[in-house]
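Dear colleague,

Please find below the structure I promised to pass on, together with its sequence. My notes on it follow, and I would be glad if you read them with the structure open beside you.

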Amino acid sequence: MNRKSHLLLLCLLTCVQLQAQTAPAAVTAKALQIHNAAIVVDTHADTPQRFLDENFDIGSTDPKDIGHLSLDKARAGNLRAEFFSIWVEPSFKGQFAHRAVDLIDSVYEQTARHPDRMMMAFSVDDIERARKQKKLAALMGIEGGHAIENDIRLLREFYRLGVRYMTLTWSNTNEWADSSGGRSHLEGACNRLPLLIPRPDQRPPKHDRRHAA
Ligand SMILES: [Zn+2]
């Protein structure tokens, strides 16, 4: 198993783990040992909205904070890499991309605020570098294709800013992909998707089909 496969497996294990949270089970010493030896990657945290709208500091040690994520919590749970979700509420119509940039900026700002405990990451190598430096690797994914405002150039720009995946939709249908939670007008999930997949020689963010119809 190569390094990338290893990380993918860890992502999948993390997803299974999160699903299992609904039915609490005793954690055995062996399971804990495996968990603590792994590079644990969580692929979705909606915390950037808190950074932006609530001035939340990921370095917070407030025991009353009900959020799922802080640097202390990440360290305690051996979380090594987090994909921060760039999710734009549909109510931001007309300024989806601007809001996405604000959310992306909020992740960079948190990293700048805590350079000793957190770093931006854009690749598997970066995640491993962060682990060696005992820092949380901060990655980003866009939740909802409406963020690119029907402009493939924005997808490329978001990639350049560090975004490494994008879901086709959120719970709202956009002009090129039907959502499971929105009206259907394309006779299927995304009949215009081929137009949006860049050439093989380009390195776009991965498309993610969560929420798609
Ligand atoms: Zn989300």
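M140 stands opposite V163 in β5, where strands (E, at least two residues) and helices (H or I, at least four) are DSSP runs numbered from the N terminus. Please keep in mind that this is a predicted model, in which local features need pLDDT of at least 70 and side-chain atom pairs count only at pLDDT 80 or more, whereas totals for chains, interfaces and linings use all residues. Residues are numbered from 1 along each chain as its sequence is written.

Strands β2 and β4 run parallel and are joined by 7 bridges, with F83 standing opposite L139 in β4.

**Burial and the nonpolar core**

Why can β4 be called largely enclosed by the rest of the structure? The reason is that 8 of its 8 residues are buried, meaning that 20 or more other C-beta atoms lie within 10 Å of a residue's own, while 12 or fewer make it exposed and values in between partly exposed, with C-beta atoms placed from the backbone. Both faces of β4 are covered, with L136, A138, M140 and I142 buried on one side and A137, L139, G141 and E143 buried on the other. Strand β5 is mostly covered, since 4 of its 5 residues are buried.

The largest nonpolar core has 32 residues, and those with the most contacts inside it are A100, A137 and A138; such a core is a set of buried Ala, Val, Leu, Ile, Met, Phe, Trp, Tyr and Cys residues joined through C-beta atoms within 7 Å. The elements that each supply at least two residues of this core include β1 (40-45), β2 (79-87), α5 (96-113) and β4 (136-143), and the largest share, 6 residues, comes from β4. Leaving aside residues up to four places away in sequence, A137 touches R80, A81, M119, A121, D126, I127 and A130, contact meaning that two C-beta atoms, placed from the backbone, lie within 7 Å.

A97 has its place in helix α5 and is partly exposed, with 18 other C-beta atoms within 10 Å. Beyond residues up to four places away in sequence, A97 touches A147, I148, E149 and L154.

E149 itself lies in the loop between β4 and α7, and its phi is near 50°, a positive value in a residue other than glycine. K134, in the loop between α6 and β4, has a positive phi of about 55° although it is not a glycine. Most residues other than glycine have a negative phi. K134 is exposed, with 10 other C-beta atoms within 10 Å, whereas E149 is partly exposed, with 18.

With best wishes

Terms used
Pairing = 2+ DSSP bridges.
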